[in-house]
Amino acid sequence: MKNIVVYPGTFDPITYGHTDLISRAARLFEHVIVAIAVNRNKTPLFTLEERIALAQQSLRDYKNVEVQGFEILLSDFAKQCNANIILRGLRAVADFDYEFQLASMNRCLAPEVETVFLMPAENYMYISSSLVREIATLGGNVAEFVPPPVAAALNKKLGKK
């Protein structure tokens, strides 16, 4: 059986925490699909197309990783992609409660798809897209938290150098 993993998220923007998990997933699984959600409950800084392009630029060296946008139930998207695994990241104990609910619901909707959790490396545990956006909005340097194309896009989007 070929293990195809879907790593879903808003990725607004993609961070080194995300790329750390993707890099490890690329070693563990035959095929990794980074699934960028529209997520109507959030107001992203970047459009879906921009988030897809930034992820593709940041992940271009991974031959078994592809980036796709989606606007349907994650369980349906996983089935559509013939994925048998959903990857979720856990940064802190606080993430577990929410992730446990999601995993349980996805198991109910798609019992043939397993959820696997990975933790980012310790030096990325504190990074979140929302913190990166806040730092960038307030004029801080985000270069140590995001890939270079993302830092450049944040600066451009926010009207900085």
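Student: How many disulfides does the count come to?
Tutor: The count comes to 0 disulfides, a disulfide being a pair of cysteine sulfur atoms within 2.5 Å. This is a predicted model, where local features need pLDDT of at least 70, side-chain atom pairs count only at pLDDT 80 or more, and totals for chains, interfaces and linings use all residues. Residues are numbered from 1 along each chain as its sequence is written, and side-chain values use heavy atoms, leaving out hydrogens and water.

Student: Is Cys-81 buried or exposed?
Tutor: Cys-81 is buried, at 14% relative accessible area. Buried means under 20%, exposed over 50%, and partly exposed in between (1.4 Å probe, protein chains only).

Student: And Cys-108, buried or exposed?
Tutor: Cys-108 is exposed, with 62% relative accessibility.

Student: Switching to α1. Which of its residues are buried?
Tutor: Among them are Leu-21, Ile-22, Ala-25 and Ala-26. Helices here are DSSP runs (H or I, at least four residues), as are strands (E, at least two), numbered from the N terminus.

Student: What do those buried residues pack against?
Tutor: The buried residues of α1 pack against β1 (4–9), β2 (31–37), β3 (65–70), β4 (85–89), β5 (114–118) and α5 (129–137). Contact means heavy atoms within 4.5 Å.

Student: How do the axes of α2 and α6 cross?
Tutor: The axes of α2 (residues 48–58) and α6 (residues 148–157) cross at roughly 150 degrees and come within 9 Å. α2 and α6 are therefore roughly antiparallel, the term for angles over 145 degrees.

Student: Which residues make the contact?
Tutor: Glu-50, Leu-54, Gln-57 and Ser-58 of α2 meet Pro-149, Val-150, Ala-153 and Lys-157 of α6.

Definitions and conventions
Axes are lines fitted to C-alpha atoms, for helices over the stretch in contact, and angles run from 0 to 180 degrees between N-to-C directions. Angles under 35 degrees count as roughly parallel, over 145 as roughly antiparallel, 65 to 115 as roughly perpendicular and the rest as oblique.
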